Amino acid sequence: MNTIPTFSSMTPEAGLKKAFGMTRPDIIAQINASGLKGRGGAGFPTGVKWNFAASAKADKKYIVCNADEGEPGTFKDRVILQEYADLVFEGMTIAAKAVGAKEGILFLRGEYTYLRPHLEAVLAKRREKKLLGKNVLSADIEFDIRIFMGAGAYICGEETALIECLEGFRGEPRNRPPFPVNTGFLDRPSVVNNVETLAWAACILQEGPEWFKSKGTEKSTGIKIFSISGDCERPGVYEFPLGITVADLLKKVGGTKARAVQIGGASGQCVPASEFQRCIAFEDIPTGGSVIVFGPQRDMLDVLHNFLEFFVDESCGQCTPCRLGNRKLLEGVEMLKAGTCSMAYLRELCALGESMQLSSKCGLGQSSPCAFLSVVKHFRDELMGRTNSLTHA
Amino acid sequence: MLMTERDRVTNEIKALTDKLGHNRTSLVPILQDVKRKYHRIDSFAMQVIADELGIHPVEVHSVASFYSFLGDHVQGKYVIRLCRTISCDMQNKERVARQLENDLDISFGETTKDGKFTLEWANCMGMCDQGPALLVNDRVFTKVTPESVHEILQECRSAFGQHAAERKEVHLV
(Lines give C-alpha, C1' and ligand atoms only; values in the text may rest on other atoms or scores of the structure.)
Protein backbone atom coordinates (compact mmCIF):
# COMPACT_ATOMS: atom_id res chain seq x y z
CA MET A 1 0.00 0.00 0.00
CA ASN A 2 2.86 2.34 0.75
CA THR A 3 4.72 1.81 -2.49
CA ILE A 4 4.66 3.94 -5.59
CA PRO A 5 5.61 1.65 -8.51
CA THR A 6 6.99 4.37 -10.80
CA PHE A 7 9.24 5.77 -8.08
CA SER A 8 10.38 2.25 -7.15
CA SER A 9 11.38 1.55 -10.76
CA MET A 10 13.82 4.47 -10.93
CA THR A 11 17.58 3.91 -10.96
CA PRO A 12 19.13 5.85 -8.08
CA GLU A 13 20.90 9.03 -9.16
CA ALA A 14 20.49 8.33 -12.91
CA GLY A 15 18.60 11.60 -13.38
CA LEU A 16 21.14 13.51 -11.34
CA LYS A 17 24.06 12.17 -13.39
CA LYS A 18 22.31 13.11 -16.61
CA ALA A 19 21.54 16.58 -15.30
CA PHE A 20 25.16 17.13 -14.32
CA GLY A 21 26.19 16.43 -17.90
CA MET A 22 23.81 19.09 -19.19
CA THR A 23 23.82 22.87 -19.26
CA ARG A 24 21.46 24.76 -17.00
CA PRO A 25 19.10 25.89 -19.79
CA ASP A 26 18.97 22.29 -21.09
CA ILE A 27 17.77 20.96 -17.75
CA ILE A 28 15.06 23.61 -17.59
CA ALA A 29 14.14 22.84 -21.21
CA GLN A 30 13.62 19.20 -20.27
CA ILE A 31 11.31 20.11 -17.39
CA ASN A 32 9.44 22.57 -19.61
CA ALA A 33 9.05 19.97 -22.35
CA SER A 34 7.61 17.49 -19.88
CA GLY A 35 4.81 19.90 -18.95
CA LEU A 36 5.35 19.15 -15.23
CA LYS A 37 3.10 21.30 -13.08
CA GLY A 38 3.39 21.87 -9.33
CA ARG A 39 2.07 18.83 -7.47
CA GLY A 40 1.14 20.72 -4.32
CA GLY A 41 -2.17 21.77 -5.81
CA ALA A 42 -1.66 25.16 -7.42
CA GLY A 43 -0.30 23.63 -10.63
CA PHE A 44 2.23 26.27 -11.61
CA PRO A 45 4.56 25.04 -14.40
CA THR A 46 7.76 23.88 -12.69
CA GLY A 47 10.07 24.68 -15.59
CA VAL A 48 8.84 28.27 -15.72
CA LYS A 49 9.45 28.62 -11.98
CA TRP A 50 12.99 27.25 -12.28
CA ASN A 51 13.67 29.50 -15.24
CA PHE A 52 12.62 32.65 -13.35
CA ALA A 53 14.95 31.77 -10.48
CA ALA A 54 17.76 30.78 -12.84
CA SER A 55 17.64 34.09 -14.70
CA ALA A 56 17.42 36.20 -11.51
CA LYS A 57 20.74 37.72 -10.51
CA ALA A 58 21.76 37.33 -6.87
CA ASP A 59 24.68 36.32 -4.68
CA LYS A 60 22.72 33.43 -3.20
CA LYS A 61 19.77 31.33 -4.29
CA TYR A 62 17.76 28.74 -2.42
CA ILE A 63 15.91 25.54 -3.22
CA VAL A 64 13.12 24.95 -0.72
CA CYS A 65 11.26 21.68 -0.57
CA ASN A 66 7.76 22.26 0.78
CA ALA A 67 6.98 19.32 3.05
CA ASP A 68 4.42 21.22 5.09
CA GLU A 69 1.74 18.84 3.95
CA GLY A 70 -1.29 20.08 5.86
CA GLU A 71 -4.24 19.91 3.50
CA PRO A 72 -6.87 17.66 5.08
CA GLY A 73 -6.80 14.25 3.47
CA THR A 74 -3.26 14.58 2.07
CA PHE A 75 -0.50 12.22 3.17
CA LYS A 76 1.35 11.28 -0.03
CA ASP A 77 4.36 13.46 0.86
CA ARG A 78 4.75 11.57 4.12
CA VAL A 79 4.93 8.29 2.18
CA ILE A 80 7.28 9.76 -0.44
CA LEU A 81 9.61 11.05 2.29
CA GLN A 82 9.47 7.74 4.14
CA GLU A 83 10.09 5.54 1.10
CA TYR A 84 11.70 7.71 -1.58
CA ALA A 85 13.60 10.45 0.24
CA ASP A 86 16.61 9.97 -2.03
CA LEU A 87 14.50 10.74 -5.07
CA VAL A 88 13.30 14.00 -3.48
CA PHE A 89 16.84 15.07 -2.55
CA GLU A 90 17.99 14.10 -6.04
CA GLY A 91 15.29 16.40 -7.45
CA MET A 92 16.43 19.21 -5.16
CA THR A 93 20.04 18.77 -6.32
CA ILE A 94 18.94 18.85 -9.96
CA ALA A 95 16.96 22.03 -9.25
CA ALA A 96 20.04 23.50 -7.54
CA LYS A 97 22.17 22.80 -10.59
CA ALA A 98 19.51 24.26 -12.92
CA VAL A 99 19.02 27.41 -10.87
CA GLY A 100 22.53 27.87 -9.48
CA ALA A 101 21.71 27.44 -5.79
CA LYS A 102 24.08 26.27 -3.10
CA GLU A 103 21.68 25.81 -0.25
CA GLY A 104 18.61 23.63 0.01
CA ILE A 105 16.06 23.61 2.81
CA LEU A 106 13.55 20.90 3.51
CA PHE A 107 10.64 22.52 5.34
CA LEU A 108 9.16 19.60 7.27
CA ARG A 109 5.91 20.07 9.13
CA GLY A 110 6.09 19.75 12.91
CA GLU A 111 3.61 16.86 12.88
CA TYR A 112 6.18 14.82 10.90
CA THR A 113 9.01 15.26 13.43
CA TYR A 114 9.22 11.46 13.69
CA LEU A 115 10.45 11.37 10.06
CA ARG A 116 13.40 13.59 10.82
CA PRO A 117 15.94 10.98 12.06
CA HIS A 118 15.37 8.92 8.90
CA LEU A 119 15.74 11.98 6.65
CA GLU A 120 18.90 13.15 8.46
CA ALA A 121 20.35 9.66 7.95
CA VAL A 122 19.55 9.78 4.23
CA LEU A 123 21.20 13.20 3.97
CA ALA A 124 24.29 11.97 5.83
CA LYS A 125 24.60 9.04 3.43
CA ARG A 126 24.30 11.35 0.46
CA ARG A 127 27.09 13.52 1.86
CA GLU A 128 29.23 10.40 2.26
CA LYS A 129 28.56 9.41 -1.34
CA LYS A 130 29.47 12.92 -2.52
CA LEU A 131 25.94 13.53 -3.73
CA LEU A 132 25.85 16.57 -1.47
CA GLY A 133 28.58 18.85 -0.23
CA LYS A 134 31.43 20.85 -1.69
CA ASN A 135 31.96 18.95 -4.93
CA VAL A 136 28.78 17.15 -5.87
CA LEU A 137 29.62 14.19 -8.14
CA SER A 138 33.19 15.54 -8.25
CA ALA A 139 31.93 18.48 -10.28
CA ASP A 140 32.58 22.08 -9.37
CA ILE A 141 29.15 22.37 -7.81
CA GLU A 142 28.42 22.97 -4.16
CA PHE A 143 25.05 22.07 -2.68
CA ASP A 144 23.80 20.92 0.68
CA ILE A 145 20.39 20.43 2.25
CA ARG A 146 19.27 21.16 5.80
CA ILE A 147 16.00 20.36 7.51
CA PHE A 148 13.86 23.06 9.05
CA MET A 149 10.97 22.01 11.26
CA GLY A 150 7.62 23.71 10.98
CA ALA A 151 5.78 24.55 14.17
CA GLY A 152 2.19 23.57 13.51
CA ALA A 153 0.61 25.99 11.06
CA TYR A 154 -1.36 24.94 7.99
CA ILE A 155 -0.81 28.34 6.41
CA CYS A 156 2.94 27.66 6.12
CA GLY A 157 2.14 25.42 3.16
CA GLU A 158 1.63 28.70 1.30
CA GLU A 159 5.06 29.48 -0.09
CA THR A 160 5.44 33.06 1.14
CA ALA A 161 4.14 32.13 4.62
CA LEU A 162 6.64 29.28 4.63
CA ILE A 163 9.42 31.75 3.87
CA GLU A 164 8.21 34.06 6.65
CA CYS A 165 8.48 31.12 9.06
CA LEU A 166 11.99 30.28 7.82
CA GLU A 167 12.98 33.88 8.45
CA GLY A 168 11.66 33.76 12.00
CA PHE A 169 8.36 35.59 11.59
CA ARG A 170 4.68 34.74 11.95
CA GLY A 171 3.54 32.62 9.04
CA GLU A 172 1.57 35.38 7.37
CA PRO A 173 1.56 35.31 3.58
CA ARG A 174 3.19 38.17 1.71
CA ASN A 175 1.82 40.15 -1.17
CA ARG A 176 2.72 38.64 -4.50
CA PRO A 177 4.41 39.99 -6.59
CA PRO A 178 7.27 40.03 -5.88
CA PHE A 179 7.30 36.25 -6.14
CA PRO A 180 9.75 34.05 -4.23
CA VAL A 181 11.57 33.21 -7.47
CA ASN A 182 12.75 36.83 -7.34
CA THR A 183 12.47 37.87 -3.74
CA GLY A 184 12.21 34.80 -1.55
CA PHE A 185 14.09 33.59 1.52
CA LEU A 186 16.17 36.51 2.86
CA ASP A 187 15.12 38.44 -0.26
CA ARG A 188 17.07 36.03 -2.47
CA PRO A 189 15.61 34.11 -5.43
CA SER A 190 14.08 30.93 -4.02
CA VAL A 191 12.42 27.99 -5.69
CA VAL A 192 9.70 26.53 -3.47
CA ASN A 193 8.54 23.17 -4.79
CA ASN A 194 6.33 20.45 -3.38
CA VAL A 195 7.94 17.14 -2.34
CA GLU A 196 6.25 15.23 -5.15
CA THR A 197 7.17 17.82 -7.79
CA LEU A 198 10.87 17.43 -6.98
CA ALA A 199 10.63 13.64 -7.09
CA TRP A 200 9.01 13.83 -10.54
CA ALA A 201 11.71 16.24 -11.72
CA ALA A 202 14.31 13.57 -10.92
CA CYS A 203 12.23 10.96 -12.81
CA ILE A 204 11.85 13.23 -15.84
CA LEU A 205 15.59 13.81 -16.06
CA GLN A 206 16.13 10.05 -16.02
CA GLU A 207 13.39 8.92 -18.39
CA GLY A 208 13.02 12.01 -20.54
CA PRO A 209 10.14 14.45 -21.05
CA GLU A 210 8.44 12.28 -23.72
CA TRP A 211 8.03 9.44 -21.23
CA PHE A 212 6.33 11.80 -18.78
CA LYS A 213 4.14 13.39 -21.45
CA SER A 214 2.96 10.01 -22.68
CA LYS A 215 0.84 9.78 -19.54
CA GLY A 216 -1.95 12.09 -18.43
CA THR A 217 -3.75 14.60 -20.62
CA GLU A 218 -2.48 17.28 -22.95
CA LYS A 219 -2.79 20.05 -20.37
CA SER A 220 -2.08 17.90 -17.32
CA THR A 221 0.80 15.66 -18.21
CA GLY A 222 2.13 12.77 -16.21
CA ILE A 223 1.16 10.70 -13.25
CA LYS A 224 -0.07 12.08 -9.95
CA ILE A 225 0.22 10.57 -6.50
CA PHE A 226 -3.14 10.50 -4.71
CA SER A 227 -3.96 10.23 -1.03
CA ILE A 228 -7.25 8.39 -0.69
CA SER A 229 -9.16 8.32 2.58
CA GLY A 230 -12.70 8.19 3.89
CA ASP A 231 -15.44 5.68 3.14
CA CYS A 232 -13.71 3.26 0.79
CA GLU A 233 -12.43 -0.29 1.12
CA ARG A 234 -8.78 0.39 0.31
CA PRO A 235 -7.60 3.81 1.51
CA GLY A 236 -3.95 4.69 0.96
CA VAL A 237 -1.51 6.17 -1.52
CA TYR A 238 -2.02 5.51 -5.24
CA GLU A 239 -0.53 6.66 -8.50
CA PHE A 240 -2.93 7.44 -11.35
CA PRO A 241 -2.41 9.33 -14.60
CA LEU A 242 -3.99 12.78 -14.50
CA GLY A 243 -7.28 12.85 -16.38
CA ILE A 244 -8.68 9.81 -14.57
CA THR A 245 -12.42 10.10 -13.95
CA VAL A 246 -13.72 10.16 -10.41
CA ALA A 247 -15.74 7.00 -11.15
CA ASP A 248 -12.65 5.06 -12.30
CA LEU A 249 -10.72 6.19 -9.26
CA LEU A 250 -13.53 5.07 -6.95
CA LYS A 251 -13.59 1.65 -8.61
CA LYS A 252 -9.86 1.20 -7.94
CA VAL A 253 -10.15 2.06 -4.25
CA GLY A 254 -13.45 0.32 -3.55
CA GLY A 255 -15.56 3.39 -3.00
CA THR A 256 -18.27 3.02 -5.63
CA LYS A 257 -21.08 3.52 -3.10
CA ALA A 258 -19.95 7.09 -2.45
CA ARG A 259 -22.53 9.86 -2.50
CA ALA A 260 -19.89 12.54 -2.89
CA VAL A 261 -16.13 12.95 -3.07
CA GLN A 262 -14.08 15.87 -1.81
CA ILE A 263 -11.23 16.49 -4.22
CA GLY A 264 -8.34 18.76 -3.30
CA GLY A 265 -8.83 18.59 0.46
CA ALA A 266 -10.85 21.03 2.55
CA SER A 267 -9.94 23.82 0.15
CA GLY A 268 -10.99 21.76 -2.86
CA GLN A 269 -14.45 21.05 -4.17
CA CYS A 270 -17.16 18.58 -3.33
CA VAL A 271 -18.18 16.48 -6.32
CA PRO A 272 -21.60 14.77 -6.11
CA ALA A 273 -22.30 11.31 -7.52
CA SER A 274 -24.03 12.84 -10.55
CA GLU A 275 -20.68 14.29 -11.67
CA PHE A 276 -18.44 11.27 -11.14
CA GLN A 277 -17.67 11.18 -14.88
CA ARG A 278 -15.62 14.35 -14.54
CA CYS A 279 -11.83 14.17 -14.80
CA ILE A 280 -9.24 14.88 -12.16
CA ALA A 281 -6.85 17.19 -13.99
CA PHE A 282 -5.84 20.85 -13.89
CA GLU A 283 -8.36 21.65 -16.66
CA ASP A 284 -11.34 20.09 -14.84
CA ILE A 285 -11.00 19.27 -11.13
CA PRO A 286 -7.55 20.33 -9.91
CA THR A 287 -6.04 18.62 -6.89
CA GLY A 288 -2.98 18.38 -4.72
CA GLY A 289 -3.78 14.70 -4.43
CA SER A 290 -6.32 14.59 -1.63
CA VAL A 291 -9.44 12.53 -2.27
CA ILE A 292 -11.89 12.04 0.60
CA VAL A 293 -14.74 9.64 -0.08
CA PHE A 294 -18.14 10.17 1.57
CA GLY A 295 -20.36 7.12 1.87
CA PRO A 296 -24.17 7.16 1.69
CA GLN A 297 -24.50 7.59 5.47
CA ARG A 298 -22.65 10.91 5.61
CA ASP A 299 -24.32 14.22 6.31
CA MET A 300 -22.67 16.85 4.12
CA LEU A 301 -23.36 19.52 6.72
CA ASP A 302 -21.23 17.62 9.23
CA VAL A 303 -18.47 17.56 6.65
CA LEU A 304 -18.77 21.31 6.06
CA HIS A 305 -18.85 21.94 9.78
CA ASN A 306 -15.56 20.07 10.16
CA PHE A 307 -13.92 21.91 7.24
CA LEU A 308 -14.97 25.35 8.46
CA GLU A 309 -13.79 24.69 12.00
CA PHE A 310 -10.48 23.80 10.41
CA PHE A 311 -10.30 27.06 8.45
CA VAL A 312 -11.39 29.22 11.38
CA ASP A 313 -8.57 27.64 13.37
CA GLU A 314 -5.93 27.86 10.65
CA SER A 315 -6.66 31.27 9.12
CA CYS A 316 -3.61 33.43 9.90
CA GLY A 317 -5.94 36.33 10.69
CA GLN A 318 -4.05 38.82 8.57
CA CYS A 319 -6.82 39.76 6.13
CA THR A 320 -10.45 40.41 7.01
CA PRO A 321 -12.28 38.36 4.35
CA CYS A 322 -10.61 35.16 5.54
CA ARG A 323 -10.49 35.88 9.27
CA LEU A 324 -14.14 36.87 9.60
CA GLY A 325 -15.58 35.22 6.50
CA ASN A 326 -14.76 31.70 7.64
CA ARG A 327 -16.32 32.46 11.03
CA LYS A 328 -19.51 33.67 9.38
CA LEU A 329 -19.68 30.59 7.16
CA LEU A 330 -19.17 28.36 10.19
CA GLU A 331 -21.99 30.13 12.04
CA GLY A 332 -24.11 29.69 8.92
CA VAL A 333 -23.50 25.94 8.90
CA GLU A 334 -24.43 25.80 12.57
CA MET A 335 -27.68 27.61 11.75
CA LEU A 336 -28.38 25.20 8.91
CA LYS A 337 -27.79 22.26 11.23
CA ALA A 338 -30.16 23.77 13.77
CA GLY A 339 -32.69 24.46 11.04
CA THR A 340 -32.76 28.20 11.66
CA CYS A 341 -31.31 29.56 8.42
CA SER A 342 -33.55 31.46 6.00
CA MET A 343 -33.08 31.13 2.26
CA ALA A 344 -32.27 34.84 2.06
CA TYR A 345 -29.46 34.42 4.60
CA LEU A 346 -28.10 31.36 2.78
CA ARG A 347 -27.91 33.48 -0.37
CA GLU A 348 -26.02 36.13 1.58
CA LEU A 349 -23.60 33.51 2.84
CA CYS A 350 -22.97 32.34 -0.73
CA ALA A 351 -22.32 35.94 -1.78
CA LEU A 352 -19.92 36.24 1.15
CA GLY A 353 -18.14 33.09 0.00
CA GLU A 354 -17.74 34.54 -3.49
CA SER A 355 -16.39 37.80 -2.02
CA MET A 356 -13.86 35.82 -0.01
CA GLN A 357 -12.68 34.06 -3.16
CA LEU A 358 -12.10 37.44 -4.79
CA SER A 359 -10.73 39.48 -1.93
CA SER A 360 -8.66 37.22 0.31
CA LYS A 361 -4.94 37.77 0.24
CA CYS A 362 -3.78 34.20 -0.22
CA GLY A 363 -4.94 30.80 -1.34
CA LEU A 364 -6.35 29.87 2.06
CA GLY A 365 -9.12 32.46 2.07
CA GLN A 366 -9.59 32.26 -1.68
CA SER A 367 -10.30 28.55 -1.57
CA SER A 368 -11.83 27.96 1.87
CA PRO A 369 -15.40 28.85 0.68
CA CYS A 370 -15.17 26.33 -2.23
CA ALA A 371 -16.44 23.41 -0.18
CA PHE A 372 -19.31 25.49 1.24
CA LEU A 373 -20.35 26.78 -2.17
CA SER A 374 -20.17 23.37 -3.85
CA VAL A 375 -22.16 21.65 -1.08
CA VAL A 376 -24.83 24.37 -1.21
CA LYS A 377 -24.97 24.01 -4.98
CA HIS A 378 -25.22 20.21 -5.11
CA PHE A 379 -27.01 19.29 -1.89
CA ARG A 380 -29.40 22.22 -1.52
CA ASP A 381 -32.43 20.00 -0.97
CA GLU A 382 -30.81 18.48 2.12
CA LEU A 383 -29.84 21.71 3.80
CA MET A 384 -32.99 23.67 4.55
CA GLY A 385 -35.61 23.26 7.23
CA ARG A 386 -33.83 20.68 9.31
CA THR A 387 -35.52 19.33 12.36
CA ASN A 388 -32.54 17.19 13.38
CA SER A 389 -29.07 16.66 12.03
CA LEU A 390 -29.81 13.58 9.91
CA THR A 391 -32.88 14.41 7.85
CA HIS A 392 -31.34 13.65 4.47
CA ALA A 393 -31.35 9.85 4.74
CA MET B 1 16.21 28.63 43.96
CA LEU B 2 14.30 30.83 41.52
CA MET B 3 17.52 32.57 40.52
CA THR B 4 19.32 29.29 39.88
CA GLU B 5 16.55 28.16 37.59
CA ARG B 6 16.66 31.48 35.75
CA ASP B 7 20.43 31.34 35.43
CA ARG B 8 20.16 27.86 34.05
CA VAL B 9 17.59 28.96 31.44
CA THR B 10 19.70 31.97 30.50
CA ASN B 11 22.82 29.89 30.05
CA GLU B 12 21.02 27.28 28.00
CA ILE B 13 19.45 29.84 25.69
CA LYS B 14 22.82 31.56 25.28
CA ALA B 15 24.44 28.26 24.35
CA LEU B 16 21.60 27.55 21.96
CA THR B 17 21.88 30.90 20.18
CA ASP B 18 25.65 30.50 19.96
CA LYS B 19 25.03 27.20 18.20
CA LEU B 20 22.15 28.25 15.95
CA GLY B 21 23.27 31.81 15.25
CA HIS B 22 22.37 35.20 16.67
CA ASN B 23 19.96 36.13 13.93
CA ARG B 24 16.25 36.16 13.31
CA THR B 25 16.29 33.00 11.18
CA SER B 26 17.19 31.03 14.31
CA LEU B 27 14.13 32.21 16.21
CA VAL B 28 11.76 29.34 15.42
CA PRO B 29 14.38 26.60 16.03
CA ILE B 30 15.33 28.25 19.35
CA LEU B 31 11.69 28.43 20.45
CA GLN B 32 11.21 24.77 19.47
CA ASP B 33 14.19 23.72 21.58
CA VAL B 34 13.10 25.74 24.61
CA LYS B 35 9.58 24.35 24.35
CA ARG B 36 10.87 20.79 24.09
CA LYS B 37 13.07 21.17 27.14
CA TYR B 38 10.87 23.22 29.48
CA HIS B 39 7.37 22.39 28.15
CA ARG B 40 6.63 26.11 28.02
CA ILE B 41 8.14 29.37 26.82
CA ASP B 42 7.63 31.87 29.62
CA SER B 43 8.14 35.62 29.46
CA PHE B 44 11.57 35.34 31.05
CA ALA B 45 12.79 32.94 28.36
CA MET B 46 11.28 35.23 25.70
CA GLN B 47 13.20 38.18 27.11
CA VAL B 48 16.50 36.27 27.05
CA ILE B 49 15.87 35.08 23.48
CA ALA B 50 15.02 38.65 22.44
CA ASP B 51 18.24 39.95 24.01
CA GLU B 52 20.31 37.30 22.29
CA LEU B 53 18.77 37.99 18.87
CA GLY B 54 18.66 41.77 19.30
CA ILE B 55 14.91 42.06 18.83
CA HIS B 56 12.04 43.27 21.02
CA PRO B 57 10.50 40.58 23.28
CA VAL B 58 7.10 41.39 21.77
CA GLU B 59 8.46 40.09 18.47
CA VAL B 60 9.32 36.80 20.18
CA HIS B 61 5.88 36.60 21.75
CA SER B 62 4.22 37.42 18.46
CA VAL B 63 5.98 34.52 16.74
CA ALA B 64 5.60 32.06 19.62
CA SER B 65 1.87 32.72 19.94
CA PHE B 66 1.28 32.24 16.21
CA TYR B 67 2.34 28.61 16.00
CA SER B 68 0.30 25.89 17.65
CA PHE B 69 3.41 23.88 18.63
CA LEU B 70 4.94 26.87 20.43
CA GLY B 71 2.94 29.33 22.51
CA ASP B 72 3.44 30.40 26.11
CA HIS B 73 0.97 28.05 27.78
CA VAL B 74 2.34 25.37 30.10
CA GLN B 75 2.23 21.86 28.73
CA GLY B 76 2.67 18.51 30.38
CA LYS B 77 5.54 16.16 29.77
CA TYR B 78 3.41 14.28 27.28
CA VAL B 79 1.39 16.36 24.87
CA ILE B 80 -1.33 14.25 23.33
CA ARG B 81 -2.70 15.70 20.11
CA LEU B 82 -5.71 13.97 18.67
CA CYS B 83 -6.50 14.64 15.03
CA ARG B 84 -9.97 16.16 14.63
CA THR B 85 -10.02 16.67 10.86
CA ILE B 86 -12.49 15.04 8.52
CA SER B 87 -11.05 11.57 7.83
CA CYS B 88 -10.25 10.87 11.48
CA ASP B 89 -13.58 12.43 12.39
CA MET B 90 -15.39 9.96 10.13
CA GLN B 91 -13.44 7.14 11.78
CA ASN B 92 -14.91 7.88 15.20
CA LYS B 93 -12.31 10.18 16.71
CA GLU B 94 -15.07 11.44 19.02
CA ARG B 95 -15.12 8.16 20.97
CA VAL B 96 -11.34 8.19 21.34
CA ALA B 97 -11.58 11.79 22.53
CA ARG B 98 -14.18 10.87 25.14
CA GLN B 99 -12.06 8.01 26.42
CA LEU B 100 -8.93 10.18 26.64
CA GLU B 101 -10.89 12.68 28.70
CA ASN B 102 -12.24 9.91 30.91
CA ASP B 103 -8.89 8.23 31.51
CA LEU B 104 -7.00 11.46 32.15
CA ASP B 105 -9.88 13.20 33.94
CA ILE B 106 -9.28 16.44 32.03
CA SER B 107 -10.85 18.15 29.02
CA PHE B 108 -9.18 19.13 25.78
CA GLY B 109 -6.88 22.10 26.26
CA GLU B 110 -6.07 21.10 29.84
CA THR B 111 -3.08 19.58 31.63
CA THR B 112 -3.30 16.96 34.36
CA LYS B 113 -2.54 18.18 37.88
CA ASP B 114 0.64 16.12 38.08
CA GLY B 115 1.94 17.85 34.95
CA LYS B 116 2.31 14.63 33.01
CA PHE B 117 -0.29 14.95 30.27
CA THR B 118 -1.71 17.72 28.15
CA LEU B 119 -4.65 17.00 25.89
CA GLU B 120 -4.98 19.00 22.68
CA TRP B 121 -6.70 18.85 19.32
CA ALA B 122 -4.62 18.75 16.17
CA ASN B 123 -5.63 19.58 12.65
CA CYS B 124 -4.98 17.01 9.93
CA MET B 125 -1.71 15.23 10.71
CA GLY B 126 -1.45 13.23 7.50
CA MET B 127 -2.62 9.86 8.80
CA CYS B 128 -6.01 10.02 7.10
CA ASP B 129 -5.88 6.44 5.78
CA GLN B 130 -5.16 5.04 9.25
CA GLY B 131 -7.37 7.10 11.54
CA PRO B 132 -8.16 7.94 14.20
CA ALA B 133 -4.62 9.14 14.72
CA LEU B 134 -2.90 10.91 17.56
CA LEU B 135 0.56 12.21 18.39
CA VAL B 136 2.19 11.74 21.77
CA ASN B 137 4.91 14.38 21.58
CA ASP B 138 6.64 13.35 18.32
CA ARG B 139 5.38 9.80 18.23
CA VAL B 140 2.43 8.87 16.07
CA PHE B 141 -0.26 6.31 16.93
CA THR B 142 -2.73 5.17 14.28
CA LYS B 143 -6.02 3.29 14.25
CA VAL B 144 -6.49 4.24 17.87
CA THR B 145 -9.55 2.72 19.54
CA PRO B 146 -11.20 3.75 22.80
CA GLU B 147 -9.79 0.49 24.27
CA SER B 148 -6.21 1.15 23.16
CA VAL B 149 -6.16 4.62 24.75
CA HIS B 150 -5.42 3.03 28.12
CA GLU B 151 -2.36 1.14 26.79
CA ILE B 152 -0.94 4.29 25.20
CA LEU B 153 -1.30 6.20 28.46
CA GLN B 154 0.19 3.34 30.49
CA GLU B 155 3.23 3.27 28.22
CA CYS B 156 3.76 6.99 28.79
CA ARG B 157 3.30 6.60 32.54
CA SER B 158 5.95 3.88 32.84
CA ALA B 159 8.36 5.83 30.62
CA PHE B 160 7.71 8.89 32.77
CA GLY B 161 8.83 6.96 35.84
CA GLN B 162 12.17 6.28 34.20
CA HIS B 163 12.61 9.87 33.10
CA ALA B 164 11.83 11.10 36.59
CA ALA B 165 14.56 8.84 37.97
CA GLU B 166 17.05 10.08 35.39
CA ARG B 167 16.27 13.66 36.26
CA LYS B 168 16.88 13.06 39.95
CA GLU B 169 20.33 11.69 39.24
CA VAL B 170 21.18 14.78 37.23
CA HIS B 171 20.14 16.94 40.17
CA LEU B 172 22.30 14.97 42.58
CA VAL B 173 25.35 15.51 40.40
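Mentor: Let's start with K37(B), which is partly exposed at a relative accessible area of 46% (buried is under 20%, exposed is over 50%, partly exposed is in between, using a 1.4 Å probe and protein chains only). Bear in mind that this is a predicted model, where local features need pLDDT of at least 70 and side-chain atom pairs count only at pLDDT 80 or more, while totals for chains, interfaces and linings use all residues. Side-chain values use heavy atoms, with hydrogens and water left out; residues are numbered from 1 along each chain as its sequence is written, and chains are lettered from A and ligands numbered from 1 in the order written.

Back to K37(B): its side chain meets that of E12(B) in a salt bridge, 3.2 Å from N to O (a Lys or Arg side-chain nitrogen within 4 Å of an Asp or Glu carboxyl oxygen). E12(B) sits in helix α1 (residues 2–20) of chain B and K37(B) in helix α2 (residues 27–38) of chain B, so the pair ties together parts that are 25 residues apart in sequence. Helices (H or I, at least four residues) and strands (E, at least two) are DSSP runs, counted from the N terminus. E12(B) is partly exposed too, with a relative accessible area of 27%.

Now follow chain B along to its sheet. Four strands make an open sheet with mixed pairing, in the order β2-β1-β3-β4 (two strands pair if DSSP finds at least two bridges between them). At the edges you find β2 (117–122) and β4 (139–141) of chain B, each pairing on one side only. From one strand to the next, the twist averages 25°. Strand β3 (residues 134–136) of chain B runs antiparallel to β4(B), and three bridges join the two. In one of these pairings, V136(B) has R139(B) in β4(B) as its bridge partner.

Then there's a helix over the strands: α6 (residues 93–104) of chain B lies across β1 (78–83), β2 and β3 of chain B, and runs at about 155° to β1(B). Axes here are lines fitted to C-alpha atoms, for helices over the stretch in contact, and angles run from 0 to 180 degrees between N-to-C directions.

You'll find P132(B) in the loop between β2 and β3 of chain B, and it is buried, at a relative accessible area of 5%. Its C-alpha atom is 7.9 Å from that of L82(B), though the two are 50 residues apart along the chain. Beyond its neighbours within four places in sequence, P132(B) is in contact (heavy atoms within 4.5 Å) with C88(B), Q91(B), N92(B), K93(B), V96(B), F141(B), T142(B), K143(B) and V144(B).

In chain A, R146(A) forms one with E103(A), with the closest N and O atoms 3.0 Å apart. That pair also links distant parts of its chain: R146(A) is in strand β3 (residues 144–149) of chain A and E103(A) is in strand β2 (residues 103–108) of chain A, 43 residues apart. R146(A) counts as partly exposed at 33% relative accessibility, and E103(A) is partly exposed at 24%.
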